[in-house]
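Reader: Please take one part of this structure and look at it closely. I would like the setting first, then the detail.

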Amino acid sequence: MENDLYELARRRRSIRRYGAEHIDDGIIREIMKVALTAPTSFGHRPVEFVVVRDRDMIRKIGACKQMGGSQINGADAVIVVMVHTADRRQAEFWIEDGAIASAYILLAVEQYGLGACWVHIRNRMGQARTSDEEIRALLGVPDGYTVLNLVAIGEKCEEKRAYTDSDLHTEHVHLEKYESQLPHRSQRA
Ligand SMILES: Cc1cc2nc3c(=O)[nH]c(=O)nc-3n(C[C@H](O)[C@H](O)[C@H](O)COP(=O)(O)O)c2cc1C
C-alpha cells in the first residue's frame, strides 16, 4: 500500500549543520503555505510566524537562547513560531497550535530536500530576560504574543539515515485496550 506521507516523514531528521546554499524565497513561501493549513483549536488560527533571512539577525536570535541557540547560526532561514496568547480563549491550546504548525514546517522542508531543526524557546532563558521576551524585542513583536520555538532551515550538511519500519516503536500503538497491539505487518499470507 502506498504511503507517500510516511515516505516523507521517515526521511525527516533533525539537521543542525547547514551548507551555504541560498533557499529560494518561493520555496520558503510554499513551506509557509503548508504551515498555514495546520489545524488549530476552535479554528482560531492564533499562530503567526516571522521568517528571518538576515544572517546578522539570525545570530542575534540565536544569542537569545543561553544554551544551544548558536546552532542556528549557519541556517539560511529561521522561522520564529509565535502564538497570540493575549486572548484567553485562544491561549488555552497555544502550545498545541504552535507545535502542530511547526511539525508541518518540518515535513514541508523535507519535501524540498532541505534540512531543518526545531529549536526550543518556551521556558528558556536569554542573556537577561526570557528567550521569548528577547526575541520579541529584537523582532518588534507586539505584546500579546508568545514565542514557542524556532525552526532553523538550510542546506543539509550532515548525513542522517531515514527511519525504517524497524525503527518504529510499533508496540506503542495499542488496539482497543492497552494490553493488545495493532498488528503492524499484514496478517494475510
Ligand atoms: C518539543 C521539541 C523540542 C526540541 N528542542 C530542540 C532544541 O532546542 N534543539 C535541538 O537541537 N533540537 C531540538 N529538538 C529536536 C529533537 O532533539 C529531535 O527531534 C530528536 O532528537 C529526534 O531526532 P529526529 O528529529 O532526527 O527524528 C526538539 C524537538 C521537539 C519536538
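Author: By class, three nonpolar, four polar and two charged residues make up the shell around the ligand. That shell consists of Arg13, Ser14, Arg16, Gly68, Gln71, Cys117, Trp118, Val119 and His120. The model is a predicted one.

Now the setting. The chain has six helices and six strands. Their order along the sequence is α-α-β-α-β-α-α-β-α-β-β-β. Of its 189 residues, 32% count as buried. Among contacts with a separation of 6 or more, 76% join residues 24 or more positions apart.

Next, helix H5. It covers residues 94-111, 18 residues in total. From first C-alpha to last it reaches 26 Å, close to the 26 Å expected at 1.5 Å a residue. Its buried residues are Trp94, Asp97, Gly98, Ala101, Ser102, Tyr104, Ile105, Leu106, Ala108, Val109 and Glu110. In general, an α-helix has 3.6 residues a turn, so residues three or four places apart point the same way. Just after H5, Gly113 has a positive phi of about 70°.

Nonpolar side chains tend to be buried together in soluble globular proteins.

Finally, Val80. Leaving aside neighbours within four places in sequence, Val80 is in contact with Phe49, Val50, Val52, Ile135, Leu139, Val147 and Leu150.

Key: Residues are numbered from 1 along each chain as its sequence is written. This is a predicted model: local features need pLDDT of at least 70, side-chain atom pairs count only at pLDDT 80 or more; totals for chains, interfaces and linings use all residues. A residue is near a molecule or strand if its C-beta atom, placed from the backbone, lies within 6 Å of it. Ala, Val, Leu, Ile, Met, Phe, Trp, Tyr, Cys and Pro count as nonpolar, Asp, Glu, Lys and Arg as charged, and the others, Gly among them, as polar. Helices (H or I, at least four residues) and strands (E, at least two) are DSSP runs, numbered from the N terminus. The expected span of a helix is 1.5 Å times one less than its number of residues. A residue is buried if 20 or more other C-beta atoms lie within 10 Å of its own, exposed if 12 or fewer, and partly exposed in between; C-beta atoms are placed from the backbone. Two residues are in contact if their C-beta atoms, placed from the backbone, lie within 7 Å.
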